[in-house]
Amino acid sequence: MNMVSPNPPGSGLLAALTLRRVTIALALAVVVAAVLNPIFVTPFVVLLGRTMVIAMVLLLVFIGLGQWRPSWAPTWLVQVLGVALAVPIATFAVYLPSVGGDVTAVLSHEDRVSGFLLIALCSLIAGPLMTLGAAVRERDAQARNQSLQFALERSTLERQALDARLRLLHAQIEPHFLFNTLANVQELVESGSPQAAPVLRNLIAYLRGAMPRLNDADATLGDEAELVHAYLALMLMRMPDRLRFTVDIPQALKGMHFPSMALLTLVENAVRHGVDPSEQGGAIEVGARREASGDTVVWVADSGVGMSEKTAAGTGLTNLRARLKAVYGDAARLELLEHTPQGLRAQIVIEPSAST
Amino acid sequence: MTRVTALVADDEPLLRERLRSNLARLWPELEVVADARNGREAVELFDIHLPQIVFLDVHMPGMNGIDAARSIARRAQLVFVTAYEQYAVQAFEQGAIDYLVKPFDEARLADTVQRLRTRFDQAPAASGNALDAVIERLSSELRQRTPSSAYLQWIKASVGQSVRLIPVEQVAYLKADEKYTLVVWEGGEALIRKSIRELADELDPERFAQVHRSVIVNLHQVSQVNRGPNETAEIQLKGRKELLPVSRSFVHVFRQM
């Protein structure tokens, strides 16, 4: 965070009074003096002195207004107008010393009036033009600055996407889940239960879906639905008295591209933080819908214990946010809502531009 | 030999069944008098049946196995059952507490049964201190594993007909609006009932700062602070047009930055 301080004016003004700017202003003063010299009776040195003083005054006005940055008009416009306004005043002021500060002396002398008018006219052309040029340059610099900023943000995003993918590759299948599930399977097998075969099928489907994959460009919402169905079927075997679930994805949305494991993350959260902590358990509903606006909404609702305002978001949700950002940019978001009468509803909203 | 009774507590029915059937084979004289589905039931059923042995799953809904063990304490021989929880296994090992890791095979359970039997043949005086220490250690460990912060992580706000949970890191600023507070975040804005004063206490001071009687700002979303007249200042936010006032008494917030 940087502290921009227009007050006191001295420091900022000095910083902006670069050698480059002073040189340009003085060079311009030399040019104006050289152009006017043949017309004037005044010695060249005096004329040059006057134009140089005017140039410096205009430069100070330009910088001063640049620091001020008024909110009611664009800075460049204020600078151009301010410089134009300063021209006659400054020109008049440089004539005063030569007549000992006598205002009427300037106005009564015809040559001086025409000299004043000539210098003022030249400065009036040169000053605002230079101001405009400088303002445009400043704007360019700002734009360049901003595009660098954007580039930086983009590269940060790319890095975050890579991080998210690496985390995804890292231990996605929780050992706790796996061993508890295997303990259940063991009982089914040892007791010769007919449930053993379908449960093993679900376990295989889950493991296949949850295996880390490097490229999930071809993952679809239909694949994800099958994965979460297998996962929920395994959880149902483990907690038949506490879990109810439905997975209902419209046929038309099953082919839609969808980041792998994104839906599973939400379903795992619903089980782990919603239904499992509750003695009574709860119901999990997985669904998807295309809204009239074209937005696709994919949701996981549970009627579990809900979330307190002080519950820290797990790494699952944080990673999911990062992945959505990496895949969709700003065209997708993760929303958490209270589910009525109790529990939590998590939904991923994907704007039409991003859903294919 | 007197009657030996046991209680089995696990939230997963198949695992209760497996333990029961294995015990029936390995220790036919043992009578499993009750099944509990969570810590609360385990304690209730224990008080009714007073079994000598309790098999306790560590992870159970509501009251977990460790808290149930604290309640049952030295009144029974405890055997903890856990699924791949290294920290728990370590604690049990060090405290010489009986435990089983799911999925366990029958040979491992036979060892446990053997140990329990010898203990019943001798005087049933268990070393209680080791158990207490392990329970305390695991209890605090489990609390840490269910992350809950001292500060607000979410702001609940009504948006349309639903209540949104807005992650605090997405909140740009909060502004008093008569009796309510306006929350402005990446995805929109909403009014909530909490006052600025309550919010100032509940939000993490590392991230949020009150900068005006009626304004709290997310410091991570501030792009620039412009000093103004009379020791006041104005805040510019990343990607937003509006300016937020910083009043005299709060300007010090930005002094060190």
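## Contact between chains A and B

In this predicted model, chain B gives 37 residues to the contact and chain A gives 35; two residues are in contact if their C-beta atoms, placed from the backbone, lie within 7 Å. On the side of chain B that touches chain A, the elements giving two or more residues are helix H1 (13-26), strand S6 (154-159), strand S7 (162-167) and strand S13 (222-227). Helices (H or I, at least four residues) and strands (E, at least two) are DSSP runs, numbered from the N terminus. The residues on that side of chain B comprise 18 nonpolar, 9 polar and 10 charged. Here Ala, Val, Leu, Ile, Met, Phe, Trp, Tyr, Cys and Pro count as nonpolar, Asp, Glu, Lys and Arg as charged, and the others, Gly among them, as polar.

Strand S5 (residues 332-338) of chain A runs antiparallel to S7(B), joined by 2 bridges; strands pair if DSSP finds at least two bridges between them. A:Leu337 stands opposite B:Arg164 of S7(B).

## Numbering and confidence

Residues are numbered from 1 along each chain as its sequence is written, while chains are lettered from A and ligands numbered from 1 in the order in which they are written. Because the model is predicted, local features need pLDDT of at least 70 and side-chain atom pairs count only at pLDDT 80 or more, whereas totals for chains, interfaces and linings use all residues.

## Domains

Chain A is assigned domain 1 (9-165) and domain 2 (172-350), with bounds from an automatic or database domain assignment. Their C-alpha centres lie 65 Å apart, and each of these two domains gives 5 residues to the contact between them. In chain B the assignment gives domain 1 (4-145) and domain 2 (154-254), with C-alpha centres separated by 50 Å.

## Helix H4 of chain A

H4 (residues 75-95) of chain A has 21 residues and should span 30 Å at 1.5 Å a residue, which agrees with its end C-alpha atoms being 30 Å apart. The expected span is 1.5 Å times one less than the number of residues. H4(A) bends by about 30° at A:Val87, and A:Pro88 follows within four residues; the bend is the angle between axes fitted to the seven residues ending there and the seven starting there.

## Strand S12 of chain B

From S12 (residues 215-218) of chain B, B:Val215 and B:Val217 point one way and B:Ile216 and B:Asn218 the other, and all are buried (20 or more other C-beta atoms, placed from the backbone, within 10 Å of the residue's own). S12(B) pairs antiparallel with S11 (residues 208-212) of chain B over 4 bridges, and the two form a hairpin with 2 residues between them.

Definitions and conventions
Buried ≥ 20, exposed ≤ 12 C-beta atoms within 10 Å, placed from the backbone.
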